[in-house]
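Trainee: I want to learn how to read a structure, one feature at a time. Where do we begin?

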Amino acid sequence: MEQSTKEQAHISKQRRPPRRLHRRIMRRLLFSLGILGPGLIAANAGNDPGGIATYSSMGSQFGYQMLWVMPILMLGVAMVQEMCARMGAVTGKGLSDLIRENFPLRLTLFVMFIFLLANGGVIVSEFIGIAAALGLFGIPSWIGAPCGGLLIWWLVAWGSYKRVENIFLALTFVFFAYVFSAFLAKPNWGQVLSGTLIPTIQVKGAFILTLVAAVGTTISPYMQLYIQSAVAERGVQMSDYKYERLEVYIGSIFSVSIAFFIIVSTAATLFVASHGKGVALGSAAQAAQALVPFLGIFASRAFAVGLLGAALLASGVLPLSTSYSLSEAFGFERGVGRTWNEAPFFWGLFTVLILIGVVIAMLPNLPVIQILLNLYLLNGLLLPIILFAILYLVNQKRLMGSYTNGLAYNVVSYTLAIVVSGLAVLYLFTQVLSFFGIQLFG
C-alpha cells in the first residue's frame, strides 16, 4: 500500500510541469511584451479615424477586391519604419535633426512648415474622431472633445517616457475590436483569400482615389518622424537593435492586419447587402452606425470602441510627433523625459496643438470633409520628400557607417518609394484639377 502511494506521488510529480518551465514561459512572455514600443505605436497610429474611414470605404465600396493591396502596404510600412528606427539607433537623433543637418535650410523650413500645417489639421480630425466615437455612446461633442484632450495632455505631460509608451501600447490592444467585428460578420473566407492573392484594378475614379488614400493613410510622414525620435529618446543601441527591428516588424504586421479585418467586416456586410453596387461612407462613425443592422448594437459598439482607442492613440502620437520634429529642426530641447523648464518650446507646442484640436472639434457645422481634403493635399506633397530624404540619409556611410542599406534592400525600398510617391502625386494632381471642375477619372 505504501509502495503504491509512493508510485502515484512519483507519477503525479512527473505529470506536473516543472516550475522551471513555468518561469521560462513567463520570462519569454515578459520579454516579448518588453520589446514592444515605438514600432507598434507608430504603425497603429496610422489606423486613426481617417484611416478607419478609408479602410471601411474600401470594403463597403469594393468588397474584397482591394485586399491584395494590404500585404504590399505591410511590406512598405515595415521597411520605411525599420530604416527610421535604424537611423535613430545609429545616430541617436531624430529625423528632423538629420534633415536640418544634411539639407539646405530653406528645404528644412519648407518641410517643417508643411508638416506643421498638415499635422495640425489631422490633429483636429483626431479630436473630431474622439467626439464622434463618444457620440455613439450618447456623449455630446462639447463634452467628449475637451475630456479627450485633457486626458491625453495630462497622461503625456505628467508622465515619464516609459509611462507614456505603456499607455500608448495599451491603446493599441483596443484594435482587436475590429478582428471581433470581422468574424461576427461571417465573411466568405474563400473570397477573402481570393481577394488577398489576386490583384484587381478598376479604372474608375473612386477605385483609384481610394487606393491612393489607402497608401497615404497607411504610410504617413508623422509615423516615420515619431518612430525615429522615440527610438532615439529610448536610447536604443545597435547592440540591442535586433529586438527593436523585430518590434517594428511586429507592429507593421499587427497594424496592417487590423486594417485588413476592417475591410473584411464592411465588405461582408455593407457591400454584400448592396448586391455588389457598393456603399460610400463619409466617416468611421458612419461605418459603425451602418453595421448595426448586420452585426447588432453590440458589435457596432465594439467598432466604436476601436474608433475611440484609435483616435486617442493618434491624438497623442500626432502632437508628440509634431513637437519632436519642430524642436529638432530648430535645435530646441525636446522629449517626454524633459521638464517644462528644460523644454518649454516642446511642451508649449504640444499643449497648443491639443488646445487648437479640441476647440475646432467643438465648432458646429464645421466643413470637415473639405478641410481634410486640403490637409491631405499637404500630406501628399510631403510624403515623397520625406521618403526620399529617408533613403538618402540611411545610405550615407558618414552617418550610418556599416549599417547602410544593402543592394537588395535599396532596390525594393526605392521601388516602393517611387510607387508611393507616384500615387501621392497622382492624388495631389486629381484634387487640384477637381478644384477647376475637371475629373481625371470617370
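Mentor: Begin with a helix, α6. It is mostly covered: six of its eight residues are buried. Buried means under 20% relative accessible area, exposed means over 50%, and partly exposed lies in between (1.4 Å probe, protein chains only). Helices are DSSP runs of H or I, at least four residues long, numbered from the N terminus. One caution: this is a predicted model, where local features need pLDDT of at least 70, side-chain atom pairs count only at pLDDT 80 or more, and totals for chains, interfaces and linings use all residues. Residues are numbered from 1 along each chain as its sequence is written, and side-chain values use heavy atoms, with hydrogens and water left out.

Trainee: Which residues of α6 are buried?

Mentor: Leu-95, Ser-96, Asp-97, Leu-98, Ile-99 and Asn-102. Find Leu-98 in that helix, which spans residues 95-102. Leu-98 has 1% relative accessibility, so it counts as buried. Now look across the fold. The C-alpha atoms of Leu-98 and Ala-329 are 8.4 Å apart. Along the chain, 231 residues separate the two.

Trainee: Where is Ala-214 found?

Mentor: Ala-214 sits in helix α12, residues 205-218. Its relative accessible area is 0%, so Ala-214 is buried. Ala-214 and Thr-54 are 160 residues apart along the chain, yet their C-alpha atoms are separated by 6.3 Å.

Trainee: Next, salt bridges. How many does the structure hold?

Mentor: The structure holds six. To count, a side-chain nitrogen of Lys or Arg must be within 4 Å of a carboxyl oxygen of Asp or Glu. Take Arg-334 and Asp-97. Their closest N and O atoms are 2.4 Å apart. Arg-334 lies in the loop between α16 (292-329) and α17 (344-361), and Asp-97 lies in α6, so this pair ties together parts 237 residues apart in sequence.

Trainee: Are these two partners buried or exposed, or in between?

Mentor: They fall in two classes. Arg-334 is partly exposed, because its relative accessibility is 25%. Asp-97 has a relative accessible area of 4%, so it is buried. A third residue joins in. Asp-97, Arg-100 and Arg-334 are linked in a network of salt bridges.

Trainee: Which residue forms a salt bridge with Arg-234?

Mentor: Glu-244 does, with the closest N and O atoms 3.1 Å apart. Arg-234 belongs to helix α13 (residues 221-234) and Glu-244 to helix α14 (residues 241-273), ten residues apart. Arg-234 is partly exposed, because its relative accessible area is 24%. Glu-244 is at 3% relative accessibility, so it counts as buried. Another pair is Glu-333 with Arg-338, at 3.3 Å between the closest N and O atoms. Glu-333 has 41% relative accessibility, so it counts as partly exposed. Arg-338, at 38%, counts as partly exposed too.

Trainee: Now empty space. How do I find it?

Mentor: Rolling a probe the size of a water molecule over the atoms shows where empty space is left. On a 1 Å grid over the protein atoms alone, a cavity is a set of points where a 1.4 Å probe fits but cannot get out, and lining residues have an atom within 4 Å of a point. Grid points are joined across faces, edges and corners, and the volume is the space filled by probe spheres set on the points. This structure holds one cavity of 30 Å³ or more. The largest cavity has a volume of about 100 Å³.

Trainee: Which elements give two or more residues to its lining?

Mentor: They are α5 (69-91), α18 (368-394) and α20 (407-435). Lining residues include Met-79, Val-80, Leu-387, Ile-390, Leu-416 and Val-420. By class, the lining has ten nonpolar, two polar and no charged residues. Ala, Val, Leu, Ile, Met, Phe, Trp, Tyr, Cys and Pro count as nonpolar, Asp, Glu, Lys and Arg as charged, and the others, Gly among them, as polar.

Trainee: Last, the backbone. What phi does Lys-186 have?

Mentor: A positive one, about 50 degrees, although Lys-186 is not a glycine. Look in the loop between α10 and α11 (189-197). Lys-186 is exposed, because its relative accessibility is 71%. His-275 is found in the loop between α14 and α15 (284-290). Its relative accessible area is 73%, so His-275 is exposed.

Note on methods:
On a 1 Å grid over the protein atoms alone, a cavity is a set of points where a 1.4 Å probe fits but cannot get out, and a pocket is an open set with protein on both sides within 12 Å along at least five of seven lines; lining residues have an atom within 4 Å of a point.
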